[in-house]
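Please keep the sequence and the model at hand while reading.

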Amino acid sequence: MNTYLLYSQIYVSLTSWRGKNLDKQDVQPLETIDIEQFQTDLISWFQKEQRELPWRKDKDPYKVWVSEIMLQQTRVDTVIPYFHRFLELFPEVKDLAQAEEDQVLKAWEGLGYYSRARNLQSAVKEVYEKYGGIVPNTPKEISSLKGVGPYTAGAILSIAYGIPEPAVDGNVMRVFSRILSIWNDIAKPATRKVFETAVRELISHDNPSDFNQALMELGALICTPTSPSCLLCPVRDHCAAFHEGTQHELPIKTKNKKQKHVKMAAAILVNDKGEILIQKRPAKGLLANLWEFPNVESTLSYVDEKALLEDRFADLYSGNVHLNRSIGQLEHVFSHLIWNINIYAGTIDDGSASELQNVKFVSIEELNQYAFPVPYQKMFRMYQLEKE
């Protein structure tokens, strides 16, 4: 798409959003931007001010890929130790491709959004088997891999291979909504195309790696969601929102749907050997293939709930269950729902529970070998503190 068509698309969408006819000066057309100077200002700032991050030490496409998947929906400071540990366990494509899924999930434990780990391993297996362990360097091939969307593909291609492909995420859309005064709702999938087209026009073909990383860094450090540091911004001279004073109004983003509240009850059940009962979650759905303690959804009061749980768990695990005590409550927030969990501790006769599929009795020491979602990690810590 040429510059005129891009400008027309931005202008039409902006006019539609505001619901009135606008003079074209209300929009920042690309022909008014000195593209070469914009690139120079942005990249020079990045080369001087960039953070020292472990995935920037080299441009290995596998490492870039792992880092970009980890960084989705997760803060940089959180990712750094996980990135180091993950690369120690799986330093090459071959290592991750041949690893057991439980081992991968354990390495990912605590990062959340576990489908990222499963999709990453699935895609890496394809790279190992189909491409000889070499991460593809064409948009068509890399985009065909499981879990690799337009942003991840663009990040790998530009950072690792120096190919001028856009890598548009929420940070980049926020930056360009202000620079170009784009009033489209960035929560709508169709809006991403507007920004991808803009990046294609503006990206440096000489240094696409630093250009895309600079945009990411700018969005993370300077052009932040609520308090942009415009006076420190290296490209403020090119920014329409800065000159118009609208930087606090942009980007336009509709709010997510209200989260669903789910009330649950869970228990740590110990047999006469001091072993704890754990079970594996289903292979599909929320927190797939991770381990957990016995739990059910519940809307009952404590007295009724306790009796119900004993009966339900006895049926589920074919053993006599006695819940000795309540050890507290916890709340865990997902992007789309909130768990409110009542937590109990008790005992269980072995019965035939250990013969059930995806159910095990393990010692406290052995628990460390299994990947648990964060709410169940918190639950076990509460259990340990209560015993002290």
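The protein is divided into domain 1 (4–244) and domain 2 (260–387), with bounds that come from an automatic or database domain assignment. The model is predicted, so local features need pLDDT of at least 70 and side-chain atom pairs count only at pLDDT 80 or more, while totals for chains, interfaces and linings use all residues. Residues are numbered from 1 along each chain as its sequence is written, and side-chain values use heavy atoms, with hydrogens and water left out.

The C-alpha centres of the two domains lie 39 Å apart. Nine residues of domain 1 are in contact with 17 residues of domain 2; contact means heavy atoms within 4.5 Å.

Next comes a helix pair. Helix 9 and helix 12 pack with their axes 7 Å apart, at an angle of about 135°. Helices (H or I, at least four residues) and strands (E, at least two) are DSSP runs numbered from the N terminus. Axes are lines fitted to C-alpha atoms, for helices over the stretch in contact, and angles run from 0 to 180 degrees between N-to-C directions. Helix 9 and helix 12 are therefore oblique to each other; angles under 35 degrees count as roughly parallel, over 145 as roughly antiparallel, 65 to 115 as roughly perpendicular and the rest as oblique. Helix 9 makes the contact through Y151, G154, A155, S158 and I159, and helix 12 through P208, S209, N212, Q213 and M216.

The largest pocket holds about 1,600 Å³ of space. On a 1 Å grid over the protein atoms alone, a pocket is an open set of points where a 1.4 Å probe fits, with protein on both sides within 12 Å along at least five of seven lines; lining residues have an atom within 4 Å of a point. Grid points are joined across faces, edges and corners, and a volume is the space filled by probe spheres set on the points. The largest pocket is lined by 46 residues, and L71, Q72, Q73, D169 and G170 lie nearest its centre. Helix 12 gives the largest share of this lining, five residues.

The second largest pocket holds about 370 Å³ of space. Of its 18 lining residues, G112, Y113, L287, H332 and F334 are the closest to its centre. Helix 7 (115–130), strand 5 (321–333) and helix 15 (374–387) each give two or more residues to this lining. Domain 1 and domain 2 both give residues to the lining, so the second largest pocket lies between them.
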